[in-house]
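Please read the points below with the structure open beside you.

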Amino acid sequence: MPFIPHTAADVRAMLAAIGVRHTNDLFDEIPEELRARGLEGVPPALSEMEVGRLMSERAARDGRRLNFIGAGAYEHHIPAAVWSIVTRGEFYSAYTPYQAEASQGTLQLLYEYQTMMSALTGLAISNASLYDGASGLAEACLMAVRANRKSTSQRILVPAALNPTYRSVLRGVAGHQHLSFEALPFDPRGGHTVLAGLESYRGQGIAAVVIQQPNFFGTLEDVDAITNWAHENGALLIGVVNPTSLAVLKPPGQWGAKGADVACGEGQPLGVPLSSGGPYFGFMATKSEHVRQMPGRIVGRTVDLDGKPGFTLTLQAREQHIRRSKATSNICTNQGLLVTAATIYLSLLGPRGLAQVAAVSMQRTQELVAALTRIPGVRLAFDGPRFHEAVLLLDRPVGPVLAALAGRGIVGGCDISRHYPALGHALLVCATETRTLDDIETYARALTDVLAAAAAA
Amino acid sequence: MSNVPADLRYLKSHEWARLEADGTIAVGISDHAQQALGDLVFVEAPEAGRRVSAGEACAVVESVKAASDVYSPVSGEIVAGNADLGGQPELINSDPYGAGWIMRIRPDDKAQFAALLDAKAYEAALAADTH
């Protein structure tokens with residue numbers, strides 16, 4: 001059955017009414033050379049049964065590998081209740097319903113989400129989420145330039161130790177809106193951003209400083225000193241944070257003397273499966289004084305005419321249906337379903353549960369690092385304090401080693417040597433609470449064998 | 001009918017301007033504009049020291065109904081933004097020509113001020129708008 005409402009007779013009648021012979025004639029204006037002649041490489045249609053079979057065969061080929069990769073998306077345990085609640089008909093919508101008269105349940109959930117993110121980040125205001133962590137940071141940079149009324153510059157300092165994907169998205173989204181990004185170096189021994197790197201920008205009217213905590217290497221940054229430097233130099237401070245880590249680390253709202261101005265990051269660790277890279281969601285929180293520059297939707301609690309409490313979208317004058325081209329962002333929506341998962345995940349774990357996830361993940365990563373650095377040809381790149389990731393240096397190129405590990409059912413980490421050639425054969429590894437001591441032992445044995453075989457070859 | 005003081009100058013976009021004794025120009029939005037916007041909830045006044053051109057959007061007024069830009073009547077330098085509006089945007093509703101001023105500008109060329117609409121011309125523009 002074709003899911004097209006117009007029959008061939010309807011189409012003929014409509015064309016006749018406007019005096020056109022063929023539908024294609026409506027596209028006359030498009031030059032011949034710009035037209036697509038069908039799609040190349042798309043095989044013939046399959047039936048639902050055939051597609052179902054093909055997909056289960058491919059899924060079986062993926063198998064269940066032992067995963068030690070993080071680098072921005074993290075495999076955490078998701079209680080079964082999370083997605084069985086999320087997929088209830090009341091929540092499982094193709095689009096976020098915002099009408100206050102019809103959507104009190106969804107709006108209340110978003111309000112609860114904002115309250116939890118506000119508590120985690122230590123900042124007064126959270127929006128109802130953005131698309132993902134990287135584009136959320138681009139939005140935060142655009143926001144900071146608007147909000148920083150003391151600085152007319154559009155220069156933003158970004159650590160080299162920020163996730164390289166985020167740096168690339170920053171250039172792609174905000175680089176074309178006249179923002180410029182300058183790199184802050186990291187300490188080659190500790191793996192943290194060096195304060196001295198900031199000093200050369202003193203008095204240059206920098207609009208904002210970005211800092212990631214923990215940074216891409218998993219290393220903890222001196223966020224207090226960097227936040228204070230930013231504020232002393234008239235810049236706003238944007239913190240890119242892992243939400244799980246906020247259960248055990250100081251929240252951005254308490255960094256330095258005055259706290260970060262904006263905190264943003266990737267929400268995936270909160271109840272969203274890895275699922276080959278998405279969909280995920282971005283979060284963003286800020287101080288009250290910057291709320292009118294914040295992008296995205298915000299749900300507020302209010303009372304109706306009879307004084308009964310209720311929930312509704314608020315501060316909408318920032319958004320494009322009111323402010324048009326001067327809206328705070330051209331993205332005025334949120335990732336409703338994934339936020340629903342995050343809210344239920346956080347409610348089920350509670351503050352103590354989330355702190356346990358963070359603490360056990362840190363512990364597992366320490367054990368992983370200890371086990372792997374005992375292997376000849378493996379050493380730790382940085383000696384600074386870390387959260388749940390670490391950079392290892394191998395005695396040979398990382399790519400073939402990872403390929404050999406994959407042959408043994410192990411995803412051994414992220415090869416970051418192409419992003420940081422100066423580091424050498426650098427491998428970023430992660431272990432969350434989902435990895436057991438046996439898993440770590442399995443990885444250590446496999447890596448020992450793989451490196452020994454490579455050395456003998 | 002809205003109040004249009006005879007001693008001020010105006011823009012068609014509903015800003016008023018007043019030449020102060022110190023040579024600076026105070027700017028706000030007219031009584032008509034505040035009535036049309038309704039209760040104001042937020043005002044973003046410009047920072048002192050900023051350079052503006054005549055016709056440039058340099059402040060934002062937000063009401064329960066809409067958000068609008070406020071345009072500079074002259075080119076010059078912002079001398080002050082009205083800090084009181086941060087906590088009390090409703091000053092624009094209660095006293096649009098007094099405590100509800102939005103910014104003060106030091107004009108590059110006073111002739112630009114003289115060329116603005118006088119009260120009669122602004123009233124005529126308002127009358128034309130409503131027909």
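1. Chain A falls into two domains: domain 1 takes in 66-76 + 350-456, and domain 2 takes in 80-344. Note that domain 1 is written as two stretches of chain A, with domain 2 given as 80-344. This is a predicted model, and the points below should be read with that in mind.

2. Taken over C-alpha atoms, the centres of domain 1 and domain 2 of chain A are 28 Å apart. Where they touch, 25 residues of domain 1 of chain A are in contact with 22 residues of domain 2 of chain A.

3. Which elements supply the side of domain 1 of chain A that touches domain 2 of chain A? H10 and strand S12 (389-394) of chain A each give at least two residues to that side. The largest share, seven residues, is from H10(A). By class, this side of domain 1 of chain A holds 15 nonpolar, six polar and four charged residues.

4. Helix H10 (residues 336-373) of chain A also packs with helix H12 (residues 437-456) of chain A, at an angle of about 25 degrees and with the axes 9 Å apart. Angles under 35 degrees count as roughly parallel, so H10(A) is roughly parallel to H12(A). The crossing of these two helices, H10(A) and H12(A), is right-handed.

5. From H10(A), the residues in this contact are A:Glu367, A:Leu368, A:Ala371 and A:Leu372; from H12(A), they are A:Leu437, A:Ile440, A:Glu441, A:Ala444 and A:Leu447. The contact of H10(A) with H12(A) has seven nonpolar, no polar and two charged residues.

6. The crossing of H5(A) and H6(A) is right-handed.

7. Among the residues of H5(A) that meet H6(A) are A:Gly133, A:Leu137 and A:Cys141, and the H6(A) residues they face as a group include A:Tyr166, A:Val169 and A:Val173. The contact of H5(A) with H6(A) divides into 10 nonpolar, three polar and no charged residues.

8. How many residues of chain A are in contact with chain B? Six residues of chain A are in contact with five residues of chain B. The chain A side consists of two nonpolar, no polar and four charged residues.

9. On confidence, chain B has an average pLDDT of 94, and 98% of the residues score at least 70. The scores for the model are ipTM 0.78 and pTM 0.88.

Note on methods: Residues are numbered from 1 along each chain as its sequence is written. Chains are lettered from A and ligands numbered from 1 in the order in which they are written. This is a predicted model: local features need pLDDT of at least 70, side-chain atom pairs count only at pLDDT 80 or more; totals for chains, interfaces and linings use all residues. Two residues are in contact if their C-beta atoms, placed from the backbone, lie within 7 Å. Ala, Val, Leu, Ile, Met, Phe, Trp, Tyr, Cys and Pro count as nonpolar, Asp, Glu, Lys and Arg as charged, and the others, Gly among them, as polar. Axes are lines fitted to C-alpha atoms, for helices over the stretch in contact, and angles run from 0 to 180 degrees between N-to-C directions. Helices (H or I, at least four residues) and strands (E, at least two) are DSSP runs, numbered from the N terminus. Angles under 35 degrees count as roughly parallel, over 145 as roughly antiparallel, 65 to 115 as roughly perpendicular and the rest as oblique. A crossing is left-handed if the near helix is turned anticlockwise from the far one by less than a right angle, and right-handed if clockwise. Domain bounds come from an automatic or database domain assignment. pLDDT is the predictor's confidence in each residue, from 0 to 100.
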